[in-house]
Amino acid sequence: MSTRIQFVLLSFVLLALSSFAIAQQNQDAEVTTDVVEESPLTTLGDEYHNSIKLLQNRFRIDYKVDEITLVFFRVFGSAPVVLVRPDGSKIFSTQADGEDIFWYDANTYDMISIKNPTPGPWQAVGQILPGSRVMVLSDIRLHAEPLPPMIFSGEILKQTAYLTNGGEPINYSEFRDVVDLTIELGSTNNPNYNNFGAKSELVATFVDNGLGMDEAPLDGTFTGQFNLAIAAGEWQPIFRVSTPMFTREQIDEPLVLHPNPIEIDVQFDGGGEGYHKLLIDAKRDLVDISSLLIDGKIRFPNGDIQNFSLTELSDKTREHLVVNYEYGVFRVKLTAYGKTVNGRDFILDVPEYTFVAEEPVVEAPEPVVEGNEEQMTEADIALAEMMIADEPEPEESVDVIFWILVINGSIIVIALCVLGFVMWRKRSTTDSVSDGLMAKLRGLLPNKKTP
(Lines give C-alpha, C1' and ligand atoms only; values in the text may rest on other atoms or scores of the structure.)
Protein backbone atom coordinates (compact mmCIF):
# COMPACT_ATOMS: atom_id res chain seq x y z
CA MET A 1 0.00 0.00 0.00
CA SER A 2 2.78 2.44 0.89
CA THR A 3 4.49 1.82 -2.44
CA ARG A 4 1.32 2.61 -4.32
CA ILE A 5 0.84 5.84 -2.33
CA GLN A 6 4.42 6.90 -3.10
CA PHE A 7 3.91 6.25 -6.79
CA VAL A 8 0.75 8.37 -6.85
CA LEU A 9 2.46 11.24 -5.04
CA LEU A 10 5.41 11.09 -7.43
CA SER A 11 3.01 11.20 -10.39
CA PHE A 12 1.32 14.33 -8.99
CA VAL A 13 4.74 16.01 -8.52
CA LEU A 14 5.83 15.21 -12.06
CA LEU A 15 2.53 16.46 -13.43
CA ALA A 16 2.89 19.74 -11.52
CA LEU A 17 6.44 20.24 -12.75
CA SER A 18 5.37 19.54 -16.33
CA SER A 19 2.53 22.06 -16.09
CA PHE A 20 4.87 24.70 -14.70
CA ALA A 21 7.42 24.09 -17.47
CA ILE A 22 4.75 24.33 -20.15
CA ALA A 23 3.41 27.55 -18.66
CA GLN A 24 6.89 29.02 -18.52
CA GLN A 25 7.53 28.07 -22.13
CA ASN A 26 4.27 29.69 -23.19
CA GLN A 27 5.16 32.87 -21.28
CA ASP A 28 8.61 33.01 -22.93
CA ALA A 29 7.02 32.44 -26.30
CA GLU A 30 4.62 35.32 -25.70
CA VAL A 31 7.52 37.61 -24.71
CA THR A 32 9.52 36.53 -27.75
CA THR A 33 6.50 37.06 -29.97
CA ASP A 34 6.06 40.58 -28.56
CA VAL A 35 9.73 41.42 -29.19
CA VAL A 36 9.55 40.15 -32.75
CA GLU A 37 6.38 42.12 -33.38
CA GLU A 38 8.09 45.32 -32.15
CA SER A 39 10.98 44.96 -34.60
CA PRO A 40 10.21 45.94 -38.21
CA LEU A 41 13.26 44.10 -39.58
CA THR A 42 14.33 40.51 -39.44
CA THR A 43 18.13 40.33 -39.27
CA LEU A 44 19.97 37.29 -40.52
CA GLY A 45 22.88 36.92 -38.14
CA ASP A 46 23.63 39.04 -35.07
CA GLU A 47 27.30 39.90 -35.62
CA TYR A 48 26.37 43.39 -36.88
CA HIS A 49 23.51 45.07 -35.07
CA ASN A 50 22.90 47.67 -37.76
CA SER A 51 23.05 45.49 -40.85
CA ILE A 52 21.47 42.48 -42.44
CA LYS A 53 23.98 39.81 -43.31
CA LEU A 54 23.94 38.85 -46.98
CA LEU A 55 23.28 35.15 -47.53
CA GLN A 56 24.18 34.67 -51.20
CA ASN A 57 23.26 38.32 -51.76
CA ARG A 58 19.82 37.76 -50.20
CA PHE A 59 18.15 39.66 -47.38
CA ARG A 60 14.66 39.89 -45.92
CA ILE A 61 12.42 42.88 -45.22
CA ASP A 62 9.58 42.48 -42.75
CA TYR A 63 6.03 43.69 -43.30
CA LYS A 64 6.12 46.63 -40.84
CA VAL A 65 8.75 48.67 -42.70
CA ASP A 66 7.36 51.96 -44.06
CA GLU A 67 10.67 53.21 -45.45
CA ILE A 68 14.12 51.69 -45.60
CA THR A 69 17.51 53.11 -46.63
CA LEU A 70 20.04 50.51 -47.76
CA VAL A 71 23.75 50.78 -48.55
CA PHE A 72 25.51 48.19 -50.73
CA PHE A 73 29.32 48.27 -50.94
CA ARG A 74 30.74 46.96 -54.21
CA VAL A 75 33.97 46.74 -56.20
CA PHE A 76 35.43 50.12 -57.16
CA GLY A 77 34.10 51.35 -60.50
CA SER A 78 31.62 48.51 -60.96
CA ALA A 79 28.07 49.02 -62.21
CA PRO A 80 25.27 49.75 -59.73
CA VAL A 81 23.55 46.75 -58.20
CA VAL A 82 20.18 45.45 -59.36
CA LEU A 83 17.51 44.72 -56.74
CA VAL A 84 15.14 41.78 -57.15
CA ARG A 85 11.81 41.95 -55.34
CA PRO A 86 10.25 38.89 -53.70
CA ASP A 87 7.96 38.47 -56.76
CA GLY A 88 10.96 38.40 -59.10
CA SER A 89 10.56 41.89 -60.55
CA LYS A 90 13.75 43.95 -60.80
CA ILE A 91 14.63 47.51 -59.81
CA PHE A 92 17.42 49.28 -61.73
CA SER A 93 19.09 52.54 -60.75
CA THR A 94 17.58 54.18 -63.83
CA GLN A 95 14.09 53.46 -62.51
CA ALA A 96 14.47 55.68 -59.44
CA ASP A 97 11.64 58.20 -59.61
CA GLY A 98 12.63 60.41 -56.65
CA GLU A 99 9.33 59.71 -54.90
CA ASP A 100 9.04 56.06 -53.94
CA ILE A 101 12.61 55.11 -54.83
CA PHE A 102 15.70 57.28 -54.26
CA TRP A 103 18.97 55.94 -55.64
CA TYR A 104 22.49 57.35 -55.30
CA ASP A 105 25.37 55.43 -56.88
CA ALA A 106 29.05 56.23 -56.33
CA ASN A 107 32.23 54.47 -57.38
CA THR A 108 32.19 52.13 -54.38
CA TYR A 109 28.62 51.93 -53.13
CA ASP A 110 24.91 52.32 -53.82
CA MET A 111 22.58 54.07 -51.41
CA ILE A 112 18.92 53.28 -51.98
CA SER A 113 15.85 54.54 -50.15
CA ILE A 114 12.55 52.69 -50.75
CA LYS A 115 9.13 53.66 -49.41
CA ASN A 116 6.72 50.86 -48.52
CA PRO A 117 9.01 48.04 -49.69
CA THR A 118 7.48 44.67 -50.48
CA PRO A 119 7.86 42.36 -47.47
CA GLY A 120 9.75 39.15 -48.01
CA PRO A 121 13.10 37.93 -49.34
CA TRP A 122 15.00 40.37 -51.58
CA GLN A 123 18.15 39.85 -53.60
CA ALA A 124 20.94 42.20 -54.72
CA VAL A 125 22.79 41.36 -57.93
CA GLY A 126 26.16 43.00 -58.60
CA GLN A 127 29.87 42.93 -57.75
CA ILE A 128 29.23 43.28 -54.05
CA LEU A 129 32.32 43.12 -51.84
CA PRO A 130 32.94 39.85 -49.98
CA GLY A 131 31.67 40.07 -46.41
CA SER A 132 29.57 43.09 -47.28
CA ARG A 133 26.47 43.99 -45.32
CA VAL A 134 23.19 45.53 -46.30
CA MET A 135 23.33 48.50 -43.96
CA VAL A 136 19.94 49.70 -42.83
CA LEU A 137 20.26 53.40 -41.97
CA SER A 138 17.75 54.48 -39.38
CA ASP A 139 19.23 56.96 -36.91
CA ILE A 140 22.77 58.08 -37.78
CA ARG A 141 24.41 60.19 -35.08
CA LEU A 142 27.83 61.69 -34.51
CA HIS A 143 29.01 61.44 -30.92
CA ALA A 144 31.72 63.97 -30.06
CA GLU A 145 32.76 65.55 -26.82
CA PRO A 146 31.56 69.14 -26.34
CA LEU A 147 34.06 71.84 -27.20
CA PRO A 148 36.11 73.18 -24.26
CA PRO A 149 34.46 75.96 -22.25
CA MET A 150 37.44 78.28 -22.82
CA ILE A 151 38.79 78.40 -26.37
CA PHE A 152 40.69 81.09 -28.27
CA SER A 153 40.62 82.55 -31.74
CA GLY A 154 43.49 80.98 -33.67
CA GLU A 155 43.59 77.83 -31.51
CA ILE A 156 44.30 74.42 -33.04
CA LEU A 157 42.19 71.67 -31.46
CA LYS A 158 42.00 67.89 -31.82
CA GLN A 159 38.77 66.04 -31.13
CA THR A 160 37.67 62.44 -31.71
CA ALA A 161 34.19 61.11 -32.35
CA TYR A 162 32.38 57.97 -33.41
CA LEU A 163 29.20 57.12 -35.32
CA THR A 164 26.18 55.18 -34.20
CA ASN A 165 23.22 53.83 -36.12
CA GLY A 166 20.17 53.23 -34.00
CA GLY A 167 22.28 53.68 -30.88
CA GLU A 168 24.86 51.02 -31.86
CA PRO A 169 28.44 51.87 -32.94
CA ILE A 170 29.28 51.54 -36.64
CA ASN A 171 32.60 49.79 -37.11
CA TYR A 172 32.28 48.98 -40.81
CA SER A 173 35.24 50.82 -42.34
CA GLU A 174 33.72 51.28 -45.82
CA PHE A 175 30.98 53.36 -44.26
CA ARG A 176 33.34 56.32 -43.96
CA ASP A 177 32.94 56.89 -47.72
CA VAL A 178 29.18 57.26 -47.30
CA VAL A 179 28.98 60.07 -44.73
CA ASP A 180 30.51 63.51 -44.26
CA LEU A 181 31.12 64.49 -40.64
CA THR A 182 31.60 68.20 -39.98
CA ILE A 183 31.30 70.82 -37.27
CA GLU A 184 30.26 74.37 -38.04
CA LEU A 185 30.15 77.43 -35.81
CA GLY A 186 27.18 79.68 -36.41
CA SER A 187 27.07 83.22 -35.13
CA THR A 188 24.45 83.91 -32.47
CA ASN A 189 24.24 87.48 -33.84
CA ASN A 190 24.72 88.90 -30.39
CA PRO A 191 25.44 92.64 -30.84
CA ASN A 192 27.70 92.59 -27.79
CA TYR A 193 30.34 90.52 -29.63
CA ASN A 194 32.60 91.15 -32.61
CA ASN A 195 31.09 88.34 -34.73
CA PHE A 196 27.68 90.00 -34.94
CA GLY A 197 26.30 89.34 -38.43
CA ALA A 198 29.11 86.93 -39.36
CA LYS A 199 28.35 83.95 -41.58
CA SER A 200 28.68 80.33 -40.43
CA GLU A 201 32.22 78.93 -40.41
CA LEU A 202 33.19 75.32 -41.17
CA VAL A 203 35.83 74.64 -38.53
CA ALA A 204 36.42 70.87 -38.70
CA THR A 205 35.94 67.79 -40.87
CA PHE A 206 36.15 64.39 -39.19
CA VAL A 207 38.21 61.74 -40.97
CA ASP A 208 39.29 58.16 -40.32
CA ASN A 209 42.22 57.84 -42.73
CA GLY A 210 45.24 57.80 -40.43
CA LEU A 211 46.46 61.18 -41.72
CA GLY A 212 47.02 64.41 -39.83
CA MET A 213 45.95 63.99 -36.22
CA ASP A 214 44.03 60.76 -36.86
CA GLU A 215 45.95 58.06 -35.00
CA ALA A 216 44.90 54.93 -36.92
CA PRO A 217 43.09 54.48 -40.25
CA LEU A 218 39.76 52.67 -40.50
CA ASP A 219 39.50 52.01 -36.77
CA GLY A 220 36.01 53.46 -36.43
CA THR A 221 37.29 56.51 -34.56
CA PHE A 222 36.99 59.75 -36.51
CA THR A 223 39.34 62.64 -35.73
CA GLY A 224 38.57 66.29 -36.28
CA GLN A 225 41.23 69.01 -36.40
CA PHE A 226 40.03 72.52 -35.63
CA ASN A 227 41.81 75.66 -36.77
CA LEU A 228 39.79 78.44 -35.21
CA ALA A 229 41.12 81.22 -37.41
CA ILE A 230 37.84 83.10 -37.13
CA ALA A 231 36.64 86.20 -35.35
CA ALA A 232 36.22 86.11 -31.60
CA GLY A 233 32.70 86.24 -30.28
CA GLU A 234 29.70 84.11 -29.35
CA TRP A 235 29.24 81.03 -31.57
CA GLN A 236 26.91 78.02 -31.60
CA PRO A 237 28.43 74.60 -32.50
CA ILE A 238 26.52 72.62 -35.15
CA PHE A 239 27.47 68.93 -35.53
CA ARG A 240 26.37 67.66 -38.94
CA VAL A 241 26.20 64.16 -40.46
CA SER A 242 25.46 64.25 -44.19
CA THR A 243 24.71 61.45 -46.66
CA PRO A 244 23.53 61.70 -50.26
CA MET A 245 20.02 60.95 -48.96
CA PHE A 246 19.68 62.97 -45.77
CA THR A 247 21.38 65.25 -43.28
CA ARG A 248 21.27 65.11 -39.50
CA GLU A 249 22.25 68.02 -37.25
CA GLN A 250 22.98 68.36 -33.56
CA ILE A 251 23.11 71.90 -32.15
CA ASP A 252 24.94 72.47 -28.86
CA GLU A 253 24.75 75.36 -26.45
CA PRO A 254 26.47 78.63 -27.48
CA LEU A 255 30.04 79.24 -26.36
CA VAL A 256 32.37 82.25 -26.28
CA LEU A 257 35.47 82.27 -28.46
CA HIS A 258 38.01 84.54 -26.73
CA PRO A 259 40.40 86.78 -28.70
CA ASN A 260 43.94 85.51 -29.16
CA PRO A 261 45.54 86.01 -25.70
CA ILE A 262 49.17 86.42 -26.85
CA GLU A 263 50.44 90.03 -26.70
CA ILE A 264 53.51 91.20 -28.66
CA ASP A 265 55.43 94.47 -28.38
CA VAL A 266 58.86 95.77 -29.40
CA GLN A 267 61.40 98.13 -27.88
CA PHE A 268 63.51 99.82 -30.54
CA ASP A 269 67.19 99.54 -29.64
CA GLY A 270 65.99 97.96 -26.40
CA GLY A 271 68.74 95.36 -26.54
CA GLY A 272 71.55 97.86 -26.90
CA GLU A 273 73.08 99.37 -30.01
CA GLY A 274 72.09 97.36 -33.08
CA TYR A 275 69.40 95.23 -31.35
CA HIS A 276 65.64 95.56 -30.93
CA LYS A 277 63.94 93.76 -28.05
CA LEU A 278 60.84 91.67 -28.81
CA LEU A 279 58.48 91.33 -25.82
CA ILE A 280 55.96 88.45 -25.69
CA ASP A 281 53.33 88.19 -22.97
CA ALA A 282 49.81 86.77 -22.49
CA LYS A 283 46.60 87.74 -20.77
CA ARG A 284 47.23 86.42 -17.28
CA ASP A 285 43.51 85.93 -16.49
CA LEU A 286 43.24 83.39 -19.33
CA VAL A 287 46.70 81.83 -19.71
CA ASP A 288 49.07 80.28 -17.19
CA ILE A 289 52.12 82.36 -18.13
CA SER A 290 54.52 79.98 -16.39
CA SER A 291 53.63 77.27 -18.96
CA LEU A 292 54.07 79.43 -22.07
CA LEU A 293 56.44 78.19 -24.81
CA ILE A 294 57.14 80.12 -28.01
CA ASP A 295 58.23 78.93 -31.44
CA GLY A 296 58.75 81.87 -33.78
CA LYS A 297 60.05 83.14 -37.09
CA ILE A 298 61.23 86.65 -38.03
CA ARG A 299 61.35 87.93 -41.60
CA PHE A 300 63.76 90.85 -42.00
CA PRO A 301 63.22 93.75 -44.43
CA ASN A 302 65.74 92.26 -46.87
CA GLY A 303 63.92 88.90 -46.93
CA ASP A 304 66.16 86.95 -44.56
CA ILE A 305 64.42 84.62 -42.09
CA GLN A 306 65.45 83.80 -38.54
CA ASN A 307 63.82 80.99 -36.51
CA PHE A 308 63.89 81.09 -32.74
CA SER A 309 62.39 79.31 -29.71
CA LEU A 310 61.75 80.46 -26.14
CA THR A 311 61.52 77.41 -23.87
CA GLU A 312 62.53 78.81 -20.48
CA LEU A 313 59.55 78.65 -18.12
CA SER A 314 58.99 81.60 -15.80
CA ASP A 315 56.41 84.14 -14.71
CA LYS A 316 58.14 86.96 -16.59
CA THR A 317 57.52 88.38 -20.04
CA ARG A 318 59.41 86.47 -22.73
CA GLU A 319 62.17 88.47 -24.47
CA HIS A 320 64.07 87.97 -27.71
CA LEU A 321 66.71 90.22 -29.30
CA VAL A 322 66.34 91.05 -32.99
CA VAL A 323 69.38 92.21 -34.93
CA ASN A 324 68.82 95.61 -36.53
CA TYR A 325 71.03 95.45 -39.58
CA GLU A 326 68.31 96.65 -41.96
CA TYR A 327 65.78 99.45 -41.92
CA GLY A 328 62.19 98.68 -42.95
CA VAL A 329 59.36 96.29 -42.03
CA PHE A 330 60.02 93.34 -39.69
CA ARG A 331 57.42 90.51 -39.67
CA VAL A 332 57.05 88.20 -36.65
CA LYS A 333 55.05 84.92 -36.81
CA LEU A 334 54.56 82.88 -33.63
CA THR A 335 53.11 79.57 -32.49
CA ALA A 336 52.38 79.46 -28.75
CA TYR A 337 52.08 76.39 -26.51
CA GLY A 338 50.80 76.46 -22.96
CA LYS A 339 47.94 75.89 -20.58
CA THR A 340 44.84 77.84 -19.75
CA VAL A 341 44.22 78.97 -16.19
CA ASN A 342 41.98 75.91 -15.74
CA GLY A 343 44.79 73.55 -16.78
CA ARG A 344 43.86 72.67 -20.40
CA ASP A 345 46.72 72.40 -22.89
CA PHE A 346 46.45 74.53 -26.02
CA ILE A 347 48.25 75.29 -29.28
CA LEU A 348 47.81 78.79 -30.69
CA ASP A 349 48.48 80.17 -34.15
CA VAL A 350 49.28 83.81 -33.31
CA PRO A 351 48.44 86.46 -35.95
CA GLU A 352 51.44 88.03 -37.68
CA TYR A 353 52.96 91.04 -35.90
CA THR A 354 54.85 93.73 -37.83
CA PHE A 355 56.95 96.74 -36.86
CA VAL A 356 58.92 99.31 -38.83
CA ALA A 357 62.50 100.31 -38.05
CA GLU A 358 63.13 103.77 -39.55
CA GLU A 359 66.53 105.06 -40.57
CA PRO A 360 67.64 107.88 -38.21
CA VAL A 361 67.85 111.43 -39.61
CA VAL A 362 71.47 112.69 -39.76
CA GLU A 363 71.72 116.36 -38.63
CA ALA A 364 74.46 118.78 -39.75
CA PRO A 365 77.25 118.99 -37.18
CA GLU A 366 77.42 122.17 -35.12
CA PRO A 367 80.59 124.29 -35.36
CA VAL A 368 83.06 123.22 -32.75
CA VAL A 369 85.39 125.75 -31.11
CA GLU A 370 88.72 124.12 -30.56
CA GLY A 371 89.69 124.21 -26.95
CA ASN A 372 87.49 125.33 -24.13
CA GLU A 373 86.96 128.43 -22.08
CA GLU A 374 89.48 127.33 -19.52
CA GLN A 375 92.21 127.22 -22.21
CA MET A 376 91.22 130.59 -23.82
CA THR A 377 93.07 133.70 -22.72
CA GLU A 378 91.31 136.72 -21.29
CA ALA A 379 92.10 138.70 -24.47
CA ASP A 380 90.45 136.06 -26.65
CA ILE A 381 87.36 136.10 -24.46
CA ALA A 382 87.19 139.92 -24.58
CA LEU A 383 87.63 139.96 -28.40
CA ALA A 384 84.91 137.39 -28.82
CA GLU A 385 82.55 139.41 -26.62
CA MET A 386 83.29 142.58 -28.67
CA MET A 387 82.58 140.75 -31.93
CA ILE A 388 79.31 139.48 -30.56
CA ALA A 389 78.41 142.97 -29.33
CA ASP A 390 79.27 144.57 -32.72
CA GLU A 391 77.08 142.16 -34.63
CA PRO A 392 74.09 144.18 -35.84
CA GLU A 393 70.67 143.18 -34.80
CA PRO A 394 68.42 141.99 -37.60
CA GLU A 395 66.53 145.33 -37.76
CA GLU A 396 69.80 147.34 -37.84
CA SER A 397 71.06 145.18 -40.72
CA VAL A 398 67.94 146.06 -42.71
CA ASP A 399 68.50 149.82 -42.12
CA VAL A 400 72.14 149.64 -43.23
CA ILE A 401 71.19 147.90 -46.46
CA PHE A 402 68.51 150.54 -47.10
CA TRP A 403 70.90 153.48 -46.73
CA ILE A 404 73.52 151.77 -48.87
CA LEU A 405 70.97 151.44 -51.66
CA VAL A 406 69.90 155.10 -51.28
CA ILE A 407 73.48 156.44 -51.44
CA ASN A 408 74.42 154.30 -54.41
CA GLY A 409 71.23 155.32 -56.22
CA SER A 410 71.97 159.02 -55.59
CA ILE A 411 75.51 158.68 -56.95
CA ILE A 412 74.20 157.06 -60.10
CA VAL A 413 71.61 159.81 -60.61
CA ILE A 414 74.21 162.59 -60.14
CA ALA A 415 76.59 160.85 -62.55
CA LEU A 416 73.88 160.63 -65.18
CA CYS A 417 73.06 164.35 -64.75
CA VAL A 418 76.72 165.39 -65.14
CA LEU A 419 77.11 163.24 -68.21
CA GLY A 420 73.99 164.80 -69.77
CA PHE A 421 75.21 168.35 -69.07
CA VAL A 422 78.64 167.66 -70.61
CA MET A 423 77.10 166.23 -73.75
CA TRP A 424 74.76 169.24 -74.03
CA ARG A 425 77.67 171.73 -73.72
CA LYS A 426 79.70 169.88 -76.27
CA ARG A 427 76.84 169.93 -78.71
CA SER A 428 76.33 173.72 -78.24
CA THR A 429 80.02 174.44 -78.92
CA THR A 430 79.97 172.39 -82.10
CA ASP A 431 76.95 174.31 -83.39
CA SER A 432 78.72 177.72 -82.81
CA VAL A 433 81.86 176.72 -84.72
CA SER A 434 79.76 175.54 -87.61
CA ASP A 435 77.91 178.88 -87.80
CA GLY A 436 81.22 180.83 -87.87
CA LEU A 437 82.64 178.81 -90.69
CA MET A 438 79.56 179.29 -92.77
CA ALA A 439 79.77 183.08 -92.29
CA LYS A 440 83.36 183.19 -93.45
CA LEU A 441 82.56 181.20 -96.51
CA ARG A 442 79.80 183.62 -97.45
CA GLY A 443 82.29 186.54 -97.17
CA LEU A 444 84.74 184.95 -99.55
CA LEU A 445 82.24 184.35 -102.28
CA PRO A 446 81.69 187.29 -104.89
CA ASN A 447 78.46 189.18 -104.62
CA LYS A 448 76.15 188.98 -107.60
CA LYS A 449 74.72 192.33 -108.68
CA THR A 450 71.24 192.67 -109.75
CA PRO A 451 70.92 193.88 -113.44
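Predicted model: local features only at pLDDT ≥ 70, side-chain atom pairs only at ≥ 80, totals over all residues.
Residues are numbered from 1 along each chain as its sequence is written, and side-chain values use heavy atoms, with hydrogens and water left out.

**View 1. The whole protein, for orientation.** Three helices and 26 strands make up the secondary structure (DSSP runs numbered from the N terminus, helices being H or I of at least four residues and strands E of at least two). Of the 451 residues, 31% are buried (buried is under 20% relative accessible area, exposed over 50%, partly exposed in between, with a 1.4 Å probe and protein chains only). Among contacts (heavy atoms within 4.5 Å) with a separation of 6 or more, 64% join residues 24 or more positions apart.

**View 2. Two stacked aromatic pairs.** The protein has nine aromatic pairs (ring centres of Phe, Tyr or Trp, the last by its six-membered ring, within 6.5 Å; stacked under 30 degrees between planes, edge-to-face over 60, tilted for the rest). Phe59 and Trp122 are stacked because their ring centres are 6.4 Å apart and their planes meet at 20°. This pair links distant parts of the chain, with Phe59 in strand S2 (residues 58-61) and Trp122 in strand S8 (residues 120-125), 63 residues apart. Phe59 is buried at 1% relative accessibility, and Trp122 is buried at 1% as well. Next come Phe330 and Phe355, whose centres lie 4.9 Å apart with planes at 5°, so this pair is stacked too. Here Phe330 sits in strand S25 and Phe355 in strand S26 (residues 345-357), 25 residues apart and again in distant parts of the chain. Both Phe330 and Phe355 are buried.

**View 3. Strand S22 and its two partners.** In a regular strand the side chains alternate between the two faces of the sheet. For S22 (residues 293-299), the covered face carries Ile294, Gly296 and Ile298, while Leu293, Asp295, Lys297 and Arg299 are on the uncovered one. S22 pairs in the antiparallel sense with strand S25 (residues 328-339) over seven bridges (two strands pair if DSSP finds at least two bridges between them). Strand S23 (residues 305-310) is also antiparallel to S22, over six bridges. Asp295 is a handy landmark: Asp295 stands opposite Thr335 in S25 and opposite Ser309 in S23. S22 and S23 form a hairpin with five residues between them, and Gly303 in the turn has a positive phi of about 100°.

View 4. Strand S6 (residues 101-105) is antiparallel to S7 over five bridges, with Tyr104 opposite Met111. Three residues separate S6 and S7, which form a hairpin.

**View 5. The largest cavity.** There are two cavities of 30 Å³ or more in the structure, and the largest has a volume of about 60 Å³. (On a 1 Å grid over the protein atoms alone, a cavity is a set of points where a 1.4 Å probe fits but cannot get out, and lining residues have an atom within 4 Å of a point; points are joined across faces, edges and corners, and the volume is the space filled by probe spheres set on them.) Residues lining the largest cavity include Leu163, Ile170, Tyr172, Arg176, Asp208 and Phe222.

**View 6. Gln159 in strand S12.** Gln159 belongs to strand S12 (residues 156-165). With a relative accessible area of 9%, Gln159 is buried. Leaving aside neighbours within four places in sequence, the contacts of Gln159 include Glu145, Ile183, Phe206 and Phe222.

**View 7. Two loop residues with positive phi.** Asn189 is not a glycine, yet has a positive phi of about 55°. Asn189 lies in the loop between strands S14 (180-187) and S15 (201-207), and is partly exposed at 41% relative accessibility. Asp269 also has a positive phi, near 55°, in the loop between strands S20 (262-267) and S21 (275-282). At 46% relative accessibility, Asp269 is partly exposed.

Conventions
1 Å grid on protein atoms, 1.4 Å probe; cavity = no way out; pocket = protein on both sides within 12 Å on 5 of 7 lines; lining within 4 Å.
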